[in-house]
2 protein chains.
Amino acid sequence: MSEKPEQKLRKRNIKPTAMRELVLKVLTDQKTAISLPELEQKFEKADKATLYRTLKTFEKQKLIHSIDDGTGPVKYALCLEECSCSVNDLHVHFHCTKCNKTYCLHEIPVPSVNLPKNFSLESVDMVVQGICANCK
Amino acid sequence: MSEKPEQKLRKRNIKPTAMRELVLKVLTDQKTAISLPELEQKFEKADKATLYRTLKTFEKQKLIHSIDDGTGPVKYALCLEECSCSVNDLHVHFHCTKCNKTYCLHEIPVPSVNLPKNFSLESVDMVVQGICANCK
DNA sequence: TATAACTTTGCAACCCGGTTGCACTTATTA
DNA sequence: TAATAAGTGCAACCGGGTTGCAAAGTTATA
Ligand SMILES: [Mn+2]
Ligand SMILES: [Mn+2]
Ligand SMILES: [Zn+2]
Ligand SMILES: [Zn+2]
């Protein structure tokens, strides 16, 4: 089932360094999306730039995707195993206005929209604001 | 038909100062959303803080609404006459990845979504990325 | 193995949008 | 008119994001 961090990195063509495995571990343990500032706090002594570049590498290799819920720093969450970050993989995100956590609702695909004539679609971001089950 | 800026401000309970009428004029002439940095450039000599507070006032009084398309500074666009920024008034936004303009698609309401159990909805942001009719 | 080439990391500095404190001006009210 | 409140301009600050550069670590080559 759940494979080693190292394997997960290799599968996405990311050289598994110590730092990267640690970051992946944090992301895996996390049930909700995490921002760079939050990630920084998870480490006793880690450099912001390194973490930043780690996230960028992960994102480029589609190990994680970014979520801008509009309420602060950009957050990141693990992609599903089979994810290629294409339009098919797009899902709704939920931001809780009470606890400020941001959830991936993987089971809810973003609804399709009929754009005006001559507008073409590349991607969609849909963020629902509200109260999450934990805060209710 | 199109009423005076002064009237439009009064209707939203905003005291019509010279500055505010100028900003409203810019927003009205604009077919797409505009950011604070962009707004600054529209004036020969205007203070960022004043413009900032003007936008905040307009937003609080629901004369304009903000749009975070995730590609830079927050943008602002006029609300429709009858808008009260409630869930009913929510519409899809479109960001053109070529010209970087952001459009209000007032005629396209945000689709409804079925949230997981015990998640409640307060608001929704939906931004479609793609190429606009002008850039096509 | 020794060396060269490339990659990753850490540190510092910077950029920029957003925000606030404060004094000054302008409008409103008593 | 005097007192009060609202709006404006300037400067400084904050925080997330980003980059340059040198040191350390890794991989490839002879
Ligand atoms: Mn997600
Ligand atoms: Mn809009
Ligand atoms: Zn919550
Ligand atoms: Zn365009």
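Q: How far does a polar side-chain atom of B:T50 lie from a phosphate oxygen of DNA strand D?
A: The model is a predicted one, and side-chain atom pairs count only at pLDDT 80 or more. A polar contact needs a pair of N or O atoms within 3.5 Å. For the polar side-chain atom of B:T50 and a phosphate oxygen of DNA strand D, the distance is 3.4 Å.

Q: Which elements give two or more residues to the surface near DNA strand D?
A: Both protein chains take part in this surface. Chain B supplies α2 (18-29) and α4 (48-60), and chain A supplies α3 (36-41) and α4 (48-60). The elements are therefore α2 and α4 of chain B with α3 and α4 of chain A.

Q: Which element contributes the largest share of the surface near DNA strand D?
A: In total, 18 residues surround DNA strand D, and A:K48, A:Y52, B:T17, B:R20 and B:R53 are the closest. By class the surface has eight nonpolar, two polar and eight charged residues. The largest share is five residues, and they come from α4(A).

Q: Which residue places a polar backbone atom 2.9 Å from a phosphate oxygen of DNA strand D?
A: A side-chain contact to DNA strand D is made by B:K15, where a polar atom lies 3.0 Å from a sugar or linking oxygen. The contact at 2.9 Å uses a backbone atom and a phosphate oxygen, and the residue is A:V74.

Q: What percentage of the atoms of DNA strand D within 4 Å of the protein belong to sugar or phosphate?
A: The atoms of DNA strand D within 4 Å of the protein are divided between sugar or phosphate and bases. The part that belongs to sugar or phosphate is 60%.

Q: Which residue has a side-chain N or O atom 2.8 Å from a base oxygen of DNA strand C?
A: From chain A, a polar side-chain atom of A:K15 lies 3.1 Å from a sugar or linking oxygen of DNA strand C. The contact to a base oxygen, at 2.8 Å, comes from the side chain of B:K48.

Q: Which element gives the most to the surface near DNA strand C?
A: By class, this surface has eight nonpolar, two polar and eight charged residues. The element that gives the most supplies five residues, and it is α4(B).

Q: Which atom of A:C104 coordinates the manganese ion (ligand 1)?
A: The donors of this ion lie at 2.0 to 2.2 Å, and A:H65, A:H91 and A:H93 each use NE2. In sequence the donor residues are spaced H-x25-H-x1-H-x10-C. The atom from A:C104 is SG.

Q: How many residues apart in sequence are the parts that B:H65 and B:H93 tie together?
A: Both residues are donors of the manganese ion (ligand 2), along with B:H91 and B:C104. B:H65 lies in strand β2 (residues 64-67) of chain B and B:H93 in strand β4 (residues 91-96), so the pair ties together parts whose separation in sequence is 28 residues.

Q: How is α2(A) oriented relative to α4(A)?
A: Helix α2 (residues 18-29) of chain A packs on α4(A) at an angle of about 75°, with the axes 10 Å apart. Angles of 65 to 115 degrees count as roughly perpendicular. That makes α2(A), relative to α4(A), roughly perpendicular.

Q: How many charged residues are in the contact of α2(B) with α4(B)?
A: The helices pack at an angle of about 75° with their axes 10 Å apart. From α2(B) the residues are B:M19, B:R20, B:V23, B:L24 and B:L27, which meet B:T50, B:L51, B:T54, B:L55, B:T57 and B:F58 in α4(B). By class the contact has seven nonpolar and three polar residues, and the number of charged residues is one.

How values were computed: Residues numbered from 1 in each chain as written. Chains lettered and ligands numbered in written order. Predicted model: local features only at pLDDT ≥ 70, side-chain atom pairs only at ≥ 80, totals over all residues. Heavy atoms only, no water. Near = heavy atom within 4 Å. Polar contact = N/O pair within 3.5 Å; in protein donor to acceptor, adjacent residues only side chain to side chain. Helix = DSSP H or I, 4+ residues; strand = E, 2+ residues; numbered from the N terminus. Nonpolar A, V, L, I, M, F, W, Y, C, P; charged D, E, K, R; others polar. Axes fitted to C-alpha atoms, helices over the stretch in contact; angles between N-to-C directions. Parallel < 35°, antiparallel > 145°, perpendicular 65-115°, else oblique. Donors = N, O, S within 2.8 Å, 3.2 Å for Na, K, Ca; no water. Contact = heavy atoms within 4.5 Å.
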